[in-house]
Amino acid sequence: PETDQDWNQDMLLLTQWWEDHLTADDLAWIRTFQDYVLWDDACLAHDSPLDRMLPERWHTPGLPSQYQEWFFHSPGVSEEMPAARWQELWDFMAQRHFARVFIGHSHVPFIRAEGGRLVCNIGSAGAPLDGDPRPSWALVEAEPIGARTVTLRRVDYDLALTQNLIDATPDYHGFASADYKAAYKKWFATGRHWRVHLPH
């Protein structure tokens, strides 16, 4: 298994790659991103509204604020979460009067409803991890009586174009390795993480 030091080194290299390939305007725009968005009676967050709205839950004491996010990787919201974690989320939604929560992070789409509340993991627009390589998205439709229906959708895309982009980006961290590059291509073709495609 990777050590924390290995993981941090990889993340530093990937972060540096993106900083080198994004413009100053791109980076300035990214810095404007909010941790969460409130929309009508819904909360939209990347991983979990609990982690975005209550960061003190996971802040490491004594660690400077600019490094807190670097050392925290939220488990997010998954369909297989233990019942206690689901109850914590339902209770939080009730306290904040959220009827719906939309998240991603895990790259595995699902919809779960309970007690008039709904949680939708939209999945991933580019790299699904549920065995279906097609990008996923959610459609929210207003009903005549004021309710809203949420459905998950999939869309086909040009897999060959994506795989050609991998070949056209040899300086991306790890792509110097033919095995790593091949594993990435299989990820986009299968909807299974690149690590499972590396030779053992």
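## Cysteines

The sulfur of Cys120 lies 13 Å from the closest cysteine sulfur, which belongs to Cys43, and this is too far for a bond. A search of the whole structure finds zero disulfides, a disulfide being a pair of cysteine sulfur atoms within 2.5 Å. Cys43 is accordingly in no disulfide. Cys120 counts as buried because its relative accessibility is 0%, and Cys43, at 0% relative accessibility, counts as buried too; here buried means under 20% relative accessible area, exposed means over 50%, and partly exposed lies in between, with a 1.4 Å probe and protein chains only.

## Basis of the model

This is a predicted model, in which local features need pLDDT of at least 70 and side-chain atom pairs count only at pLDDT 80 or more, while totals for chains, interfaces and linings use all residues. Residues are numbered from 1 along each chain as its sequence is written, and side-chain values use heavy atoms, with hydrogens and water left out.

## Overall architecture

The protein has seven helices and seven strands, where helices (H or I, at least four residues) and strands (E, at least two) are DSSP runs numbered from the N terminus. From the N terminus on, these elements follow the order α-α-β-β-α-α-α-β-β-β-β-β-α-α. Taken along the principal axes, the C-alpha atoms fill a box of roughly 55 × 45 × 40 Å.

Of the 200 residues of the protein, 31% count as buried. Among contacts between residues at least 6 apart in sequence, 47% join residues at least 24 apart, contact meaning heavy atoms within 4.5 Å.

## Helix α7

Helix α7 covers residues 178-190, and its 13 residues should span 18 Å at 1.5 Å a residue, which agrees with the 18 Å between its end C-alpha atoms; the expected span is 1.5 Å times one less than the number of residues. The buried residues of α7 are Tyr180, Lys181, Ala183, Tyr184, Trp187 and Phe188. Seen down the axis of α7, these buried residues fall within an arc of 160 degrees, so they line one face of the helix, the arc being that of the directions from the helix axis to the C-beta atoms.

What covers the buried residues of α7 includes α6 (159-167). Just after α7, Gly191 takes a positive phi of about 75 degrees.

## Salt bridges

The count comes to ten salt bridges, each being a side-chain nitrogen of Lys or Arg within 4 Å of a carboxyl oxygen of Asp or Glu. One of them joins Lys185 and Asp167, with 2.8 Å from N to O; this pair links distant parts of the chain, with Lys185 in helix α7 and Asp167 in helix α6, 18 residues apart. Lys185 counts as partly exposed at 22% relative accessibility, and Asp167 counts as partly exposed at 37%.

Arg57 forms a salt bridge with Glu88, the closest N and O atoms being 2.8 Å apart. That pair also links distant parts of the chain, with Arg57 in the loop between α3 (49-53) and α4 and Glu88 in helix α5, 31 residues apart. Arg52 and Asp47 meet in a salt bridge of 2.9 Å, N to O, and both Arg52 and Asp47 are buried. Elsewhere, Asp130, Asp132, Arg134 and Arg154 are linked in a network of salt bridges.

## The loop around Glu79

Glu79 lies in the loop between α4 (65-68) and α5 (83-96), and at 40% relative accessibility Glu79 counts as partly exposed. Leaving aside neighbours within four places in sequence, Glu79 is in contact with Trp86, Phe110, Ile111 and Arg112. The C-alpha atoms of Glu79 and Pro109, which are 30 residues apart along the chain, are separated by 8.9 Å.
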